[in-house]
Amino acid sequence: MKFNEMFFILKGKTSVKMVYFSLYKNTTGSNNMAVGPAALFENTTGSSNTAIGYEALLNNTTASYNSAIGYQVLRSNTTGVRNVAFGYQALYTNTTENDLTAIGHMALYSNTTGSQNVATGSAALYSNTTGDYNTGLGYSALRYNTTGSNNTGIGYAALYPNTTGAANN
């Protein structure tokens, strides 16, 4: 593998890689797009993923249907599926959870196993680790929520101090 390869079809599949070490370990995964150093680096069998940016979806192994755009977006994801993340380190810590949406600088940054959360705005739901079904819209909305579920915070720093409270609107 050459460091200066910019575009090629990987093993006859429809996967595309651009820049060095993207899709590096891909074996049978197909319909993937990786643009940026180490994008989808660990992917082996995951399919239909889009990773654009340095270390985007770096640790993804078997997960499919993820979209990651930005620096280290969805970096720790291994098997989580149907996740969408845009922005610097959005969904950085997520490993196995599904159906998450994070748009903005460090949105849902600390999420590990919280599922079906939506964060839009810089640092929205930043501290969420295992809370489920939360929606944070706006700068730092639900920023310190860790395990609280079923919360909705809309606006600048909405529900900012909430950590474990549930069903707040």
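What you are looking at is a predicted model, in which local features need pLDDT of at least 70, side-chain atom pairs count only at pLDDT 80 or more, and totals for chains, interfaces and linings use all residues. Residues are numbered from 1 along each chain as its sequence is written, and side-chain values use heavy atoms, with hydrogens and water left out.

Let us start with confidence. The predictor's confidence in each residue, pLDDT, runs from 0 to 100; its mean over the chain is 91, and 88% of the residues reach 70 or more. Residues 1-12 have pLDDT below 50, and this stretch has 22 contacts in the model beyond near neighbours in sequence. Where pLDDT is low, the predicted coordinates should not be read in detail.

Now for the overall layout. The chain has zero helices and 10 strands, so the pattern along the sequence reads β-β-β-β-β-β-β-β-β-β, given that helices (H or I, at least four residues) and strands (E, at least two) are DSSP runs, numbered from the N terminus. Of the 169 residues in the chain, 49% are buried; buried means under 20% relative accessible area, exposed over 50%, and partly exposed in between, with a 1.4 Å probe and protein chains only. The accessible surface comes to about 7,100 Å², and 59% of this belongs to carbon and sulfur atoms. Such areas come from the Shrake-Rupley method with a 1.4 Å probe, and for residues only the protein chains shown count as cover.

Asn26 lies in the loop between strand 2 (16-18) and strand 3, and it counts as buried because its relative accessible area is 5%. Its side chain makes a polar contact with the side chain of Asn43 at 2.8 Å. A polar contact is a pair of N or O atoms within 3.5 Å; within protein, one must be able to donate a hydrogen and the other to accept it, and residues adjacent in sequence count only if both atoms are side-chain atoms. Further along, Asn94 sits in the loop between strand 6 (84-86) and strand 7 (101-103). With a relative accessible area of 0%, Asn94 is buried too. The side chain of Asn94 reaches the backbone oxygen of Glu97 at 3.4 Å. Not counting residues up to four places away in sequence, Asn94 touches Leu74, Ser76, Asn77, Asn83, Leu100, Asn111 and Thr112.

Val84 is in strand 6 and is partly exposed, because its relative accessibility is 28%. Val84 and Ala68 are 16 residues apart in sequence, yet 6.1 Å apart in space, C-alpha to C-alpha. Leaving aside neighbours within four places in sequence, Val84 is in contact with Ser67, Leu91, Leu100, Thr101 and Ala102. Gly70 belongs to the loop between strand 5 (67-69) and strand 6 and is buried at 18% relative accessibility. Gly70 and Phe86 are likewise 16 residues apart in sequence, with 5.9 Å between their C-alpha atoms. Beyond residues up to four places away, Gly70 touches Ile52, Gly53, Tyr54 and Ala56.

Finally, the surface. Met33, in strand 3 (residues 33-35), is partly exposed at 34% relative accessibility.

Terms used
Contact = heavy atoms within 4.5 Å.
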